[in-house]
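Please read it alongside the model.

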Amino acid sequence: MLSSKTSRRLVALALGTGLVSAALGTAVPASAQPAPVAPATANARYVGGAEGAAGNKAFFDAVLKSVAKRQTANPSLASVTVYYNASQAPSFRSQISSAASIWNSSVSNVRLQSTTGGADFTYYEGNDSRGSYASTNGHGSGYIFLDYAQNRQYDSIRVTAHETGHVLGLPDHYSGPCSELMSGGGPGTSCTNRYPNTTERSRVNQLWANGLAKALAKVNKAA
């Protein structure tokens, strides 16, 4: 058990370290919000990871199920819309808006729309040694975490558009060229392409034509 004198020293040391960090500009921004803690097997990271494939599927399935429930409750809806909430990632509001615009101009079977209410997935920001990633919270909801350091190292809009690609069902392909949005950090920090290529656009349209139909069937059967 630590003596009171030792405890005071440890507290003073911790405070001193925090003050030095703040002076060097390394403190976490006040706007940072902690991301939900997700199982390690549910992360699809921008720079890769053995668990990527599982994360891709878990994330897409969660979003697809959320959209299917809304479509079933409102059968008169003419278009498929995926709603996102960016309020927990204020530092990346511009990048998130740009990523949504990129995808909305690239595909026709699904549209991304911002909301401050109930959403199909949420963006978070902060510091994480794993970098940026798309994941699930273990309760059927999806979220995207945007890491500060990684978004300074790589093109931030490309990072955001890439992670948003997981929302629409695309897997990672790190060995691909810079022209592939889902190659993520594979091509290196010099890659600034922010747009999906023809194959990626076609795949998203297929997924939201066929995948949503299957999700709707499951929801209706469960009801």
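What is the handedness of the disulfide of C178 and C191? The torsion about its S-S bond is about 90°, so the disulfide is right-handed.

This is a predicted model: local features need pLDDT of at least 70, side-chain atom pairs count only at pLDDT 80 or more, and totals for chains, interfaces and linings use all residues. Residues are numbered from 1 along each chain as its sequence is written, and side-chain values use heavy atoms, leaving out hydrogens and water.

**Disulfide.** A search of the whole structure finds one disulfide (a pair of cysteine sulfur atoms within 2.5 Å). The sulfur atoms of C178 and C191 are 2.0 Å apart. Both cysteines lie in the loop between α5 and α6, so the pair ties together parts 13 residues apart in sequence. Burial is by relative accessible area, with a 1.4 Å probe and protein chains only: buried is under 20%, exposed over 50%, partly exposed in between.

| Cysteine | Relative accessible area | Class |
|---|---|---|
| C178 | 28% | partly exposed |
| C191 | 4% | buried |

**Helix α5.** Helices are DSSP runs of H or I, at least four residues; strands are runs of E, at least two. Helix α5 covers residues 156–167. Twelve of its twelve residues are buried, so α5 is largely enclosed by the rest of the structure. Among them are R158, H162, E163 and H166. Just after α5, G169 takes a positive phi of about 105°.

**Core.** The largest nonpolar core has 40 residues (buried Ala, Val, Leu, Ile, Met, Phe, Trp, Tyr and Cys joined through side-chain atoms within 4.5 Å). Those with the most contacts inside it include F121, W103 and V167. Elements giving it two or more residues include β4 (121–126) and α5.

Technical notes
Expected span 1.5 Å × (residues − 1).
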